[in-house]
Amino acid sequence: MERLFDDQINLSLPDSEILYFPNFIDPEKADSYFESFRKNVTWQQDDITVFGKTYAQPRLTALFGNNGKPYSYSNITMLPHEFPMSLLEIKHKVEAKTSVVFTTCLLNLYRDGNDSNGWHADNEKELGPNPVIASVTLGQERFFHLKHRKEKTLRHKLLLEHGSLLLMKGETQQHWLHQIAKTKKAIGERINLTFRVVK
């Protein structure tokens, strides 16, 4: 990893462009956002089908967008709600940092260490080639695991902190998979906001 500025770290992984901003949102403001989303978002739990088996997705989700376009992954199709003001505030802050105008935000609520997100890439066709994914963490910090699709020895683990921003762009989704793994530790809730452009 290479620290470019006080608030920006370049992971410097091959075949990728991944930046981490650990202090993106002030802790008190991040606390406020977390409480608001936890209380006011209509969370849902969908069934997903992987390798022919169907089971309840191990986290809760919600989708927001400004172009009315659905978002599909793992045989789930979600229709977006309108952005609430608090989420728009974060969206505008992310856009100012990244110089990307996002249409959609997928929220994930990890209720405890049993909630997870398995190995995957954000490479759905509606995101287009080389999508930009901006991920904001609120609440419990969790480890973010990365592994290269072909070079099996290339792996990385990053602790995503409360109020942080992770930016993945370039060819990252072509060459890397990522996950939030389960943990047996007694931990609190994490809300993850993943901004993307649905075309």
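Reader: What should I know before I start?

Author: This is a predicted model, in which local features need pLDDT of at least 70 and side-chain atom pairs count only at pLDDT 80 or more, while totals for chains, interfaces and linings use all residues. Residues are numbered from 1 along each chain as its sequence is written, and side-chain values use heavy atoms, with hydrogens and water left out.

Reader: How is a pocket found, and what is the volume of the largest pocket?

Author: Rolling a probe the size of a water molecule over the atoms shows where empty space is left. Here a pocket is an open set of points on a 1 Å grid over the protein atoms alone, where a 1.4 Å probe fits, with protein on both sides within 12 Å along at least five of seven lines; lining residues have an atom within 4 Å of a point. Grid points are joined across faces, edges and corners, and a volume is the space filled by probe spheres set on the points. The largest pocket has a volume of about 660 Å³. It is lined by 36 residues, and those closest to its centre are Arg59, Asn117, Gly118, Trp119 and His120.

Reader: What kinds of residue make up the lining of the largest pocket?

Author: The lining holds 18 nonpolar, twelve polar and six charged residues. Nonpolar covers Ala, Val, Leu, Ile, Met, Phe, Trp, Tyr, Cys and Pro; charged covers Asp, Glu, Lys and Arg; the others, Gly among them, are polar.

Reader: Which strand gives the largest share of the lining of the second largest pocket?

Author: Strand β12 (residues 142–148) does, with three residues. Strands (E, at least two residues) and helices (H or I, at least four) are DSSP runs, numbered from the N terminus. The second largest pocket has about 210 Å³ of space, and its lining includes Gln140, Phe143 and Lys182.

Reader: How do I read a helix, and which residues of α1 are buried?

Author: An α-helix has 3.6 residues a turn, so residues three or four places apart point the same way. Helix α1 (residues 27–40) has 14 residues and reaches 20 Å from its first C-alpha to its last, close to the 20 Å expected at 1.5 Å a residue; the expected span is 1.5 Å times one less than the number of residues. Ala30, Tyr33, Phe34 and Phe37 are the buried residues of α1. They lie on the same side of α1 because they cover an arc of only 100 degrees around the axis, taken from the directions from the helix axis to the C-beta atoms. Buried means under 20% relative accessible area, exposed over 50%, and partly exposed in between (1.4 Å probe, protein chains only). The face turned away from the buried side carries the exposed residues Glu28, Glu35, Lys39 and Asn40.

Reader: What do the buried residues of α1 pack against?

Author: They pack against α2 (85–98), β11 and β16. In α2, the buried residues include Leu87, Ile90 and Val94.

Reader: Is Leu165 buried or exposed?

Author: Leu165, in strand β14, is buried, with a relative accessible area of 0%. Beyond its neighbours within four places in sequence, Leu165 is in contact (heavy atoms within 4.5 Å) with residues including Leu19, Phe24, Val94 and Val136.

Reader: Where is Ser12 found?

Author: Ser12 is in the loop between β2 (8–10) and β3 (17–21). Its phi is positive, about 55 degrees, although Ser12 is not a glycine. Ser12 is partly exposed, with a relative accessible area of 43%.
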